[in-house]
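Please keep the model open while reading.

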Amino acid sequence: MIDSATFIKQTKLLSKQQGLTQAELAEKTGLSRSQLSRLLAGKNKRVQQATVDKIVAAFGLTQQEFLAQADDETVASPSKLPAKTIYSDRLPTVAGTFIGRTAELSVLDDAQANLDVNILQFIAPGGTGKTKLLRHWLDMRCNTLPSVIAWSFYSQGATADKQISTSPFFNHALQVLNAEQQTFESDENKGDYLAGLLREQQCVLVLDGLEPLQHADAANRGELKDRALVRLLKNLAGQSGTFCVITTRIAVYELSDRASVISYNLQNLAVEDGVALLQSLGVHGQKAALLKAVHDYAGHALALSLLGNLLRLRYCGDIDRLDTLPVLFQKAGDKTSRHAFKVMQAYQDWFAGTPELSLLYLLGLFDRPVELEVFEALWQAQITGLTDTIQEVEWFSAIDSLRHDHHILTDSSDSEQAGGSAQVLDCHPLIREYF
């Protein structure tokens, strides 16, 4: 047996050098594609000798030569020094316990290990838990993944008809990759150049919340609006060497015919996972009542999270008080968001006349994360009927309550878009949409 980290590194390197896809390597070794994929995903700390023999023979080497080449990679030669490790994580903070999603985590691991897969896109409506899935996967794999750049386009806003610029993302990526070139003749050249840098660093690229950059109308459903991003993704899809993960509400049209791209439709939480989520938030009661609640809210992750906090704080977690929530009267939103809107309506009723409700209304003025100083300026403006009767201590208490008690607000003290030092408040796009 040999250490799996050495095995994985050398197998991927030799496959790339010999131009072998994972399917071709599996055929040459006699291993199944699923077995080889699991091995390359690092499922085991050690690799059995019989498996090592098959892999080594497929490359036309002895085990001594196989391991010697792996050792050669660590020799302090300028041409053989490993690429500098980069870990730039700009995904938003997601509150709450991570529940379930074992199948999706395996999909991520297997796709990242599969030499035939260049891009994996998770497709689901808002509030399903796409960002939370990636947040958990990155936290789990931060010590085993190669270099990582993770970026969320929600930092510029989530409104579908808003023109979002990819310049902050490209500028950031080029900076952390120490790019020698910063200006380009065309957007297409910029996309190609960044793709080459990502492959050179064997960098995992995570792009969260791509839908503001896509056309959502029936005639152009899913097409990207930005030429540099189109070229980047087409380039990554066309050539192996790096792995890209995308989350979006709409499948990216430009990737629809690529064999190297996997599209995974993320479903709502399984019933048992929904029950576990409610229980983790302090909700208790008969199992039948918990199951009914998950069924009534269709396993929608955001709706169940909001519901769990509401029941815990207002009704001491008693699931039997669920029937006291009013019927949804607001008709806005599609069927996937109405479950979350029903809980937000209950919050609106509960918060009537409080600073918390004023804050939520102010959040509705924005479609992006907002600096704390902006909220302070709005409070100081003493807006009639909104902030004019709120004392300063009540204002900061309301912010603290929405962050730490209700988990509606999240914050970041190191925001790229806020200059790196300002404290930024954010919430889920569906919450902003409702208020």
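Predicted model: local features only at pLDDT ≥ 70, side-chain atom pairs only at ≥ 80, totals over all residues.

Arg249 makes a salt bridge with Glu211, and the closest N and O atoms of the two are 3.3 Å apart. Glu211 has a relative accessible area of 8% and is therefore buried, the limit for that class being under 20%.

Both partners sit in loops. Arg249 belongs to the loop between strand E7 (243-248) and strand E8 (261-265), while Glu211 belongs to the loop between strand E6 (204-208) and helix H10 (227-238). The pair links distant parts of the chain, 38 residues apart.

Side chains of opposite charge can pair when their charged atoms come close. In total, the structure holds twelve salt bridges. One of them joins Asp89 to Arg135, with 2.2 Å between the closest N and O atoms. Because Asp89 lies in strand E3 (residues 87-90) and Arg135 in helix H7, this contact ties together parts that are 46 residues apart in sequence. Asp89 is partly exposed, with a relative accessible area of 25%, whereas Arg135 is buried at 13%.

Which residue does Arg135 meet in a salt bridge of 3.2 Å, N to O? The partner is Asp139. Arg135 and Asp139 are four residues apart in helix H7, so about one helical turn separates them. Asp139 is partly exposed, its relative accessible area being 45%. Through shared partners, salt bridges join Asp89, Arg135 and Asp139 into one network.

The rings come next. A pair of aromatic rings is described by the distance of the centres and the angle of the planes. The structure holds twelve aromatic pairs. In the pair formed by Tyr434 and Phe435, the ring centres are 4.9 Å apart and the planes stand at 80°, so the arrangement is edge-to-face; the cut-off for that class is over 60 degrees. Tyr434 and Phe435 are both buried.

Elsewhere, one aromatic cluster is formed by Trp151, Phe153, Phe169 and Phe170. Phe170 also has a charged neighbour: the charged end of Lys190 sits over the ring of Phe170, at 4.9 Å from the ring centre.

The last stop is a pocket. Rolling a probe the size of a water molecule over the atoms shows where empty space is left. The second largest pocket has a volume of about 770 Å³, and 40 residues line it. Of these, Val94, Ala95, Lys132, Leu302 and His428 lie nearest the centre of the pocket.

Which helices each supply at least two residues of this lining? They are helix H7 (130-141), helix H13 (301-315) and helix H18 (429-434). H13 gives the most, with five residues. By class, the lining of the second largest pocket comprises 17 nonpolar, 16 polar and seven charged residues.

Notes:
Residues numbered from 1 in each chain as written. Heavy atoms only, no water. Phe/Tyr/Trp six-rings, centres within 6.5 Å; stacked < 30°, edge-to-face > 60°. Buried < 20%, exposed > 50% of the residue type's maximum accessible area, 1.4 Å probe, protein only. Lys NZ or Arg CZ within 6 Å of the ring centre and 35° of its normal. 1 Å grid on protein atoms, 1.4 Å probe; cavity = no way out; pocket = protein on both sides within 12 Å on 5 of 7 lines; lining within 4 Å. Points joined across faces, edges and corners; volume = space filled by probe spheres on them. Nonpolar A, V, L, I, M, F, W, Y, C, P; charged D, E, K, R; others polar. Salt bridge = Lys/Arg side-chain N within 4 Å of Asp/Glu carboxyl O.
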